[in-house]
Amino acid sequence: MENAVDALKIAFSIFVFVLALALTISVVAQARSTSELIFHFNDKTEFYEYATKDNVENSKNRTVGMETIMPTIHRYAKEQFAVTIFSKDGDPIVRYDLWTEGFMTNWNQIVKNKNSSEKENYIEVEDRLKMVQEQVYKTLNKQVPEFNVEEMVRKLYTVKSSTNTTVTIGAPWVGDNAKIQSRIKADMLGEKYENNFITYTGKNLKRYKNDKFIEKFLEVTTSGETITDDGYSLETIKGNKKLEIIYILQS
């Protein structure tokens, strides 16, 4: 009989312990959930407002540094978004976008065909880059200048042939993640990226390490068939939404 009473006491103690433990876990979980909810609504970076042609003047921006921009750049190929950095005057410094870069290898031929029946590629690139730059000038409250896609492409994708130093347009890193990362490194350090006798000079982004940038998100609709090279889509599915991330150097 005495053993039975002791057993009941032990069982009751275990029950109370389990009940207390479960209650403690529940309280901690609720406290964590509440704190996360509070931080969620107080974190200004939690919500991003996409800019469009109609709301760019009223859309909110946030200010970021290179510590935020660099991880974004390193993800552009895998996550299929575009990143363009502009100077405080609205001039393009560097662009990361497999869609645009996919056209650069054959850009000279595309330019030759811009007045022919095969002008679709030229128009698509021109429309995309023009849209991005228009958002930049509107953000800076400046008058949008006449757009010249060939001038912008030269600023972003000028390369030289290592054999005869001929200046041309290209993106020799497209199609290979290792090459893409090497190009990003060249841009960060201001080094030269060389591949297949083509040399691309990096943009030396490290000089902006102490500067701040306006960050803006632009959503655009893409068109065209999917072209895949080594696991990377050079052009997204027709009608798909694409994210353009814009960084503008603050004065």
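Residues are numbered from 1 along each chain as its sequence is written. Because the model is predicted, local features need pLDDT of at least 70 and side-chain atom pairs count only at pLDDT 80 or more, whereas totals for chains, interfaces and linings use all residues, and side-chain values use heavy atoms, with hydrogens and water left out.

The protein chain holds 8 helices and 12 strands, taken as DSSP runs numbered from the N terminus (helices H or I, at least four residues; strands E, at least two). Of its 251 residues, 39% are buried, where buried means under 20% relative accessible area, exposed over 50% and partly exposed in between (1.4 Å probe, protein chains only). The chain exposes about 14800 Å², of which carbon and sulfur atoms supply 53%, as computed by the Shrake-Rupley method with a 1.4 Å probe, only the protein chains shown counting as cover for residues. Among contacts (heavy atoms within 4.5 Å) between residues at least 6 apart in sequence, 63% join residues at least 24 apart.

A nonpolar surface patch is formed by Ile10, Ile14, Phe17, Val18, Leu21 and Ile25, which together have about 610 Å² of accessible area. Patches are made of residues with over 30% relative accessible area and no salt bridge, like charges being joined within 9 Å and nonpolar side chains (Val, Leu, Ile, Met, Phe, Trp, Tyr) within 5 Å; a salt bridge is a side-chain nitrogen of Lys or Arg within 4 Å of a carboxyl oxygen of Asp or Glu. Ile25 lies in helix α1 (residues 2-42) and counts as exposed because its relative accessibility is 53%.

Helix α8 (residues 177-189) has 13 residues and should span 18 Å at 1.5 Å a residue, which agrees with the 18 Å between its end C-alpha atoms; the expected span is 1.5 Å times one less than the number of residues. Its buried residues include Ile180, Arg183, Ile184, Ala186 and Asp187. These cover an arc of only 160° around the axis and therefore lie on the same side of α8, the arc being that of the directions from the helix axis to the C-beta atoms. His74, in helix α2 (residues 66-74), touches Gln181 and Ile184, residues up to four places away in sequence not being counted.

Asn196, in the loop between β7 (192-195) and β8 (198-201), has a positive phi of about 55° although it is not a glycine, and is exposed at 61% relative accessible area.
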